[in-house]
Amino acid sequence: MPEVKERRSGSPVGPPVNPRAPAAPARRRLLHGAAPVLMTLVSRPVLGAVQCVTPSVFCSGNLSVAGDVVVCQGKTPGQWIADPSWPPPFTPDTPFNTVFGPNPQYACDTLLDVLLPSDNSAPSADTPAPVRTHHRTLRDMLLGKAQDKAGTSRGPEARGGQPAPRTPGSALPSNQLAGVQSEVNAGGVSGAGTVGDPTIPRFQSAPRTAGSGVTSNQLAGLRGQPSSGGVSGHPLPSWFKRKGQGQETPPTPQPAAPVPGPVDPLGCNNNSETPASTEPSSPGTTPTARGRRRHPWFSRGSRPQDAVARHIVSALLNAQAGLTPGLPVGTVKGMWSEYVTKGYFEPTAGVQWNAQDIVTYLVSTQPV
Amino acid sequence: MILRELSRQTLRSCLANGGVRLRTGPIVTCIRSRCDEVLNGLALLYADYPVEDEGSFADFHAAIAPPRSVRRWLRPQISFEFDGASPFFPLPADQAFAALEWGLNWCVSFHCHQYLIVHAACLERTGCALLLPGEPGSGKSTLCAGLVSRGWRLLSDELALLDFATGEAVPLPRPISLKNAAIDVIRAFAHDAVLSTPVHDTSKGSVAHMRAPLESVHRAGELARPRWIVLPKYRSDATTSLNPLSRGRAFMELADHAFNYDLHGRRGFDLLADIVSGCHCHTFEYSALDEAVTVFDTLSATA
Amino acid sequence: MQSLSVPRWRSVPRDAVALREFDGEFVVRNESTGNSHLLGLLAGRVLVVLLDARGSLDAAEIASHLDTTVSPVETGEAYDAVEEVLAEFCRLGLADIEST
C-alpha cells in the first residue's frame, strides 16, 4: 500500500526501494520495481474543502490518513435556518428532546428553536470558514510535539513519558474563531479572547532579495490586524494555548417568576409575552422562534450548553444529509448526551472537551 | 550599531518605550518589553546583532507584556503580542524570553512567504548549505548546535528560508533552541558555548537557548546554495551511520517539512525540485555527537 | 479496431501536472488536487505516456508505449502492471477513464 501522508504527518519515510533488486532487463525492472505510487503528500486545501475527521482525530491532530481525503461540507446553523429542505425525518418542528432524549431545559424547543440565536433576532450570517485546514505543522514542528510512534526513539531534546496535552484543532480563521468565542462567551465561559488563528494567507509576497524587509504595503496589511496572515492550515502553536479555552462557569440559576393561572408542568405554554408563531416560515423569510414561552428557570440562550446545542443541531442535520462523513448522527447524539451528562465530552481517553471545545470542533465541520 | 553598544539602562529604556529594532538576517523586528527576562536574554544572546535606528522600518512589531489582569502580579504571566494583539494565552513570566523566541519563529513562518520556508536546521560549510529537516525529537537541534560549535556556520536552527530567485538558503541566524537532555549534552560538548539559563515546565519541557557564533551573525548576509539534504535521527543506541536517500524521497521530505509548500503551488514544487537535483541526499542516525560531527566534516569535503 | 468495452484512459491536463524524474523515481505535483506524489519507474513512465498522448489510450496501448519490443501477445504481464498503475492513478486523481 503506498504511503499517504497529510503533509507533516510525522509518519516515517516510506520503505526504501530494495537495493538488492537485480539489474534486470529494462522491461522487467520497469514492471517489477517498487509499488507504483511510493508516497503521496496530501495537500492542505487553501480554500474551501475541509478534511472531515472524527472528534478523536481532530483532537490528536494526526491527519495522516491512508486513502482519499474525505471532505466536510457541513452547513452552519444559520444556513440550516434559511434552508427549506431539511433531511428527513428531521423538520424544523421536530422537538429537540425527541431526537436527543429528555432534557427539561429543552422540553419546549424544536430543532429550529435551538438553532436560532438566543435573542431570537434575525440570524446573522454565520461567518463562513473560507479556509479551514487542520494542520499540525507549526504546532508540532516548532513546539516539539514528537509523535509517539511505537518503537520510535526521540532525540535528547524530546520530553519523555508524558503524552502531550491535547487541545482541539485550532486552525480556524480569526473571524470564525471570534464567532465561536462570542457565542460561547455569551454563556459565561471564561477566557476573553478576541483573536483567532491566522489561517488565511493574507498576501503572497513577491520574491525579494536577502537583506530587504517586507514591503511597506505588506506590513500595512499586517498592521491593525489581529494575528493576521499566515499559511493556510497553520494552527496556533500549542506552546501558546488558544484563547478561550478557559474554565466553564456554571450557569447562573434564574429565580422563578410568578406564573399566572394554570400551567402545563414544564411551563411551555405560559403567558403570552412572546407570541408563538405557528405558521411555518416560508423560504426566504426570516424565521421566528416557533417555540412556546419557556419556563423562566430554563431561559435559553444564556448558558454555555446553548451554544453547544445550536451547533449540535446543525451537526445532526449535516450528518443526516451526508455532508460530514466523519461525523455521523450517532456520534453527534453521543457527543451531546455525554456533554449534558458529564459536563464535557471525551473525544478520546484522557481528553475532555468543554462547551467551547465542542463548538470549535463542530464549527470545523462547516466550511462553507 | 550593535546591541551591545547600548548600555543596559538604554536598552531597558528602548525596550520599554519605542522598542529595539533588532536585525536577524533579512528580518527586522521591533521588540518591546518591560520584562527583565527579555532584557537579559537579549543582552546575553543578541549582543552582537545589528540594531536599526528608532523609527526605521520593521518587518514585525512584537512585544512581551504582562496581561491586563491580576496575573500581572499574582503568579505573574506574560503574553506574546504581535502588532498589538495577543493571539495566545499567557505563559509564566519566567518563560518570557523563550516566548519571544517562539513568537519570532511564528512571525517568520506565518508571514515570510517571499521564501519557501522549510522546518529544518540550515548550516554552511565551504560555501555550501546543509539542510537538516526533521521532526521534533529527531535530534536536529542538538546536531545543529554540535556542528555550529565545531565550525559550521549557522544559517538557522529551525527555519530554512529558501530564496525563489536564486535557490539559495537565506541566513536567519538566531539562538539555537535546546530542550531537556540536549542542554546538558551541548554544555558537555561545547564548553565555551553561551547558553541562557534553562526555563522549566514549558510545553516542551526544559528549554535553553545557545548563542549563535559571532561569525554566523556577521555573515548573515551571505546566502549559500544547498548541497546536502540529510534527515537526522537520534537513537540512543544507534551506530552512527550515513545512508543514501533517493532524491525523490528527499524531495517528498522537504515538501512535507515546508510550511508554505501548498501556498506556492507549482513554484514551490519547481524550487524544491531544483534544489534537490543539486544535492546529495542522506538519512543519518547517530547517538554520539562527536561521531556525528566527524561524519559531517567528512561530508563537507565532498562539496 | 478499438474495442468498445476496453476502458480508455486520459491523464489530467498537461498543464495541471508538474513532474520531475530523479534516478528512476518521479515526483509529481497535481495542481487539480494539490497533492504531490512519488512514483516508481513504471508509474512515472505510464504517466508520461498519458501526458504525451494526443488522445486517450487503453492499457494495452500504454504498455506497448513502454517497450516497443513487447508484442500484444506478450503484454499480459505488462498489461496487468499497467492496469494496476492506472487504478492507482484513478484513485489519486491523476488519470481517469474517458467517458464515451
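Two residues are taken to be in contact if their C-beta atoms, placed from the backbone, lie within 7 Å. The structure is a predicted model, in which local features need pLDDT of at least 70 and side-chain atom pairs count only at pLDDT 80 or more, while totals for chains, interfaces and linings use all residues. Residues are numbered from 1 along each chain as its sequence is written, and chains are lettered from A and ligands numbered from 1 in the order in which they are written.

Among contacts in chain A between residues at least 6 apart in sequence, 76% join residues at least 24 apart. For chain C, 48% of the contacts between residues at least 6 apart in sequence join residues at least 24 apart. A residue is called buried if 20 or more other C-beta atoms lie within 10 Å of its own, exposed if 12 or fewer do, and partly exposed in between, with C-beta atoms placed from the backbone. By this criterion, 48% of the 368 residues of chain A are buried, and 43% of the 100 residues of chain C are buried.

Helices (H or I, at least four residues) and strands (E, at least two) are DSSP runs, numbered from the N terminus. Chain A contains eleven helices and four strands. Chain C has three helices and five strands, in the sequence order β-β-β-β-α-α-α-β.

Two packed helices are described by the angle between their axes and the distance between the axes. Here axes are lines fitted to C-alpha atoms, for helices over the stretch in contact, and angles run from 0 to 180 degrees between N-to-C directions. Angles under 35 degrees count as roughly parallel, over 145 as roughly antiparallel, 65 to 115 as roughly perpendicular and the rest as oblique. A crossing is left-handed if the near helix is turned anticlockwise from the far one by less than a right angle, and right-handed if clockwise.

In chain A, helix α9 (residues 304-320) packs on helix α10 (residues 329-342) at an angle of about 165 degrees, with the axes 8 Å apart. α9(A) and α10(A) are therefore roughly antiparallel, and their crossing is left-handed. From α9(A) the contact takes A:Q305, A:V308, A:I312, A:A315, A:L316, A:A319 and A:Q320, and from α10(A) it takes A:V329, A:V332, A:M335, A:W336, A:Y339 and A:V340. Residues are classed as nonpolar (Ala, Val, Leu, Ile, Met, Phe, Trp, Tyr, Cys and Pro), charged (Asp, Glu, Lys and Arg) or polar (the others, Gly among them). The contact of α9(A) with α10(A) has eleven nonpolar, two polar and no charged residues.

In chain B, helix α7 (residues 247-257) and helix α9 (residues 266-277) pack at about 135 degrees, with their axes 10 Å apart. α7(B) and α9(B) are therefore oblique to each other, and the crossing is right-handed. B:R247, B:A250, B:F251, B:L254 and B:A255 of α7(B) meet B:L272, B:A273, B:V276 and B:S277 of α9(B). Seven residues of this contact are nonpolar, one is polar and one is charged. Elsewhere in chain B, 16 of the 16 residues of α3(B) are buried.

The contact between chains B and C takes 15 residues from chain B and eleven residues from chain C. On the side of chain C that touches chain B, the elements giving two or more residues are β2 (17-22), β3 (25-30) and β4 (35-39) of chain C. This side of chain C has four nonpolar, two polar and five charged residues. C:E31 lies in the loop between β3 and β4 of chain C and is partly exposed, with 16 other C-beta atoms within 10 Å. Apart from its neighbours within four places in sequence, C:E31 is in contact with B:G265, B:R266 and C:A16. The C-alpha atoms of C:E31 and C:V17 are 6.1 Å apart, at a separation of 14 residues in sequence.

Most residues other than glycine have a negative phi, and most peptide bonds are trans. C:D23, in the loop between β2 and β3 of chain C, has a positive phi of about 55 degrees although it is not a glycine. C:D23 is exposed, with 9 C-beta neighbours inside 10 Å. B:T126, which is not a glycine either, has a positive phi of about 50 degrees. A cis peptide bond, with omega about 10 degrees, joins A:P88 and A:P89.
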